Amino acid sequence: MKNKLTFKLTEDGITKEYFIIKMITNKDNNKNYIIYTENNDSKDVYASTFEINDNELKLHEIENDSEWDYVDSILSNIGEE
């Protein structure tokens with residue numbers, strides 16, 4: 001996976017780099033979603049809603065099952081590509 005976009009988060013004084021799989025806006029609820037992994041080769045995939053303020057990425061937990069269903073549908077489509 002070359003030319004992957006990345007971002008870094010610092011939690012408890014530890015900075016980790018994450019690789020972005022997909023960023024998308026759900027037109028039904030106007031929320032932005034990011035699907036990412038900690039390691040370029042990892043099978044562990046994470047998803048969050050996000051916003052960008054003053055060039056700073058803020059991640060938020062996905063709130064309900066319908067949002068997870070949306071993320072799952074995006075992941076299914078990625079798997080078919």
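Predicted model: local features only at pLDDT ≥ 70, side-chain atom pairs only at ≥ 80, totals over all residues.
**Aromatic pairs**

I searched the whole structure for aromatic pairs and got 5. I started with Phe7 and Tyr18, which are stacked, with 5.4 Å centre to centre and 20° between the planes. I then checked where the two sit: Phe7 is in strand E1 (residues 6-11) and Tyr18 is in strand E2 (residues 14-26), 11 residues apart, so I logged the pair as a link between distant parts of the chain. I also looked up burial, and both Phe7 and Tyr18 come out buried.

Next I took Tyr33 and Tyr70. This pair is tilted, at 5.3 Å centre to centre and 50° between the planes. It links distant parts of the chain too: Tyr33 belongs to strand E3 (residues 31-37) and Tyr70 to helix H1 (residues 65-80), 37 residues apart.

Are Tyr33 and Tyr70 buried or exposed? Tyr33 has 1% relative accessibility, so I put it down as buried. Tyr70 has a relative accessible area of 18%, and the cut-off for buried is under 20%, so Tyr70 counts as buried as well.

Together with Tyr36 and Tyr46 they make up one aromatic cluster.

**Hairpin of E4 and E5**

I turned to strand E4 (residues 46-53) and strand E5 (residues 56-60). They run antiparallel, and I found 5 bridges joining them. Looking across the strands, I see Glu51 opposite Lys58 in E5. The hairpin has 2 residues between the strands, and I noted a positive phi near 50° at Asp54.

How values were computed. Residues numbered from 1 in each chain as written. Heavy atoms only, no water. Phe/Tyr/Trp six-rings, centres within 6.5 Å; stacked < 30°, edge-to-face > 60°. Helix = DSSP H or I, 4+ residues; strand = E, 2+ residues; numbered from the N terminus. Buried < 20%, exposed > 50% of the residue type's maximum accessible area, 1.4 Å probe, protein only. Pairing = 2+ DSSP bridges.
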